[in-house]
Amino acid sequence: MSDFEHVFEKPPEGAAADWTIPQDWTAYSAVEHQTWDTLYARQMKILPGRAAEVFMKGLSALDLNTGGIPDFAVMNPKLQALTGWTVVCVPGLVPDDVFFDHLANRRFPSGQFIRKPDQLDYLQEPDIFHDVFGHVPMLSDPDFADYMEAYGKGGQRAASLGMLQNLARLYWYTVEFGLMQEADGLRIYGAGIVSSATESVFSLEDPSPNRLGFELERVMRTLYRIDDFQQVYFVIDSIEALKGETLKDFGPIYDRLKGQSDIGIEQIQPYDRVITRGTQDYAHKGGRFAA
Ligand code: HBI
Ligand code: FE
């Protein structure tokens, strides 16, 4: 299963059997390094007070602002010392089983390329800014590091049980678009949000989306959209709490899910812990593609 268009069928030329390619850091152009710096500086104006403390801590621990696109040969030893994770380069989206195998072995696959200067705000395929700036700081947190490894192992199992669609929703609503309740307010930790200037603000401050307390089975039943801002965000209490929830055996959960219908992206259920009941105005007015 993949929601994206440009997934290759087999490793493209120059890629290893596990789909990895060299980062070839010296080959990035001045414009490409400048794109990283521009995106980094833009997020740093927005994220303090919005991004979760663990994210901000990870970002500074990894020192990703040394001028241009980070060199993995420099970044990886720091990450490895913190949690045993490393980052490897891939040409783009890789098949699910390849993706899960990397995660299960504490390797995070990152796109090698960076977006073009005219795509600063939106691209559907994950580039190195989304993958490294968005995902890697969280991998420096020991609990989140364990959660991601468990997700990789769970993915292999879910695929064999035909439940990948449900598990992928968990990834989407936590790793990519998760919010966290901190003492001072709601904060972002999802990579899809922290790497987006517009969604960083929208996810926390716009009256449009629903913001609901995280509940594992509920999340696994909830549809999502890949083409625009989310219409619902799920809020965890802490990374430890998320990890605790997902250490359960998913077998009985999958059995229950088989008898249950999907939940629409705007729907609020009677049992939901509602943090914000959204107006849905943004989505109803046509979202990103409105005039
Ligand atoms: N490949 N490079 C890359 N990055 C992803 O985030 C990714 C992928 N392949 C599959 C995939 N994600 C998802 O479909 C799984 O989480 C289900
Ligand atoms: Fe991502």
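E176 is buried, with a relative accessible area of 11%; buried means under 20% relative accessible area, exposed means over 50%, and partly exposed covers what lies in between, using a 1.4 Å probe and protein chains only. The model you are looking at is predicted: local features need pLDDT of at least 70 and side-chain atom pairs count only at pLDDT 80 or more, while totals for chains, interfaces and linings use all residues, and side-chain values rest on heavy atoms, with hydrogens and water left out.

Together with H130 (NE2) and H135 (NE2), E176 coordinates the iron ion (ligand 2), giving two OE atoms, and the distances run from 2.0 to 2.8 Å. Donors here are N, O and S atoms within 2.8 Å of the metal (3.2 Å for Na, K and Ca), and water is not among the atoms, so sites may look incomplete. The angles among the four donor atoms span 52 to 137°, and the site is irregular. For comparison, four donors count as tetrahedral if all angles lie between 85 and 135 degrees; four count as square planar, and six as octahedral, if opposite donors are over 155 degrees apart and all others between 65 and 115; anything else is irregular. Along the chain, the donors follow the spacing H-x4-H-x40-E. H130 sits in helix α5 (residues 128-135) and E176 in helix α7 (residues 164-176), so this pair ties together parts that are 46 residues apart in sequence. Helices (H or I, at least four residues) and strands (E, at least two) are DSSP runs, numbered from the N terminus.

Helix α7 deserves a look of its own. This helix is mostly covered, with twelve of its 13 residues buried. Among them are L164, N166, R169, W172, Y173 and E176.

Now turn to ligand 1. Ten residues surround ligand 1, and the closest are G92, V94, D96, F99 and Y151; a residue is near a molecule if one of its heavy atoms lies within 4 Å of it. Which helix gives the largest share of the shell around ligand 1? That is helix α4 (residues 96-104), with three residues. By class, the shell holds eight nonpolar residues, one polar and one charged. In this scheme Ala, Val, Leu, Ile, Met, Phe, Trp, Tyr, Cys and Pro count as nonpolar, Asp, Glu, Lys and Arg as charged, and the others, Gly among them, as polar.

Polar contacts with ligand 1 involve both backbone and side-chain atoms. A polar backbone atom of G92 is 3.1 Å from a nitrogen atom of ligand 1, and a backbone N or O atom of V94 lies 2.6 Å from a nitrogen atom of the ligand. From the side chain of D96, an N or O atom is 2.9 Å from an oxygen atom of ligand 1. Ligand 1 has 390 Å² of accessible area on its own, and the protein covers 92% of that. These areas come from the Shrake-Rupley method with a 1.4 Å probe, and for residues only the protein chains shown count as cover. A polar contact is a pair of N or O atoms within 3.5 Å; within protein, one must be able to donate a hydrogen and the other to accept it, and residues adjacent in sequence count only if both atoms are side-chain atoms.

Two contacts within the protein are also worth a visit. N76 lies in helix α3 and is buried, with a relative accessible area of 13%. A polar atom of the N76 side chain lies 2.8 Å from the backbone nitrogen of V87. T222 belongs to the loop between α10 (216-220) and β6 (232-236). The relative accessible area of T222 is 0%, which makes this residue buried, and its side chain reaches the backbone oxygen of R218 at 2.7 Å.

W19 is not a glycine, yet its phi is positive, about 75°. W19 is found in the segment before α1 (30-46) and counts as buried at 3% relative accessibility. D63 also has a positive phi, near 55°. D63 is placed in the loop between α2 (53-62) and α3 (72-83), and is partly exposed at a relative accessible area of 40%.

Definitions and conventions:
Residues numbered from 1 in each chain as written. Chains lettered and ligands numbered in written order.
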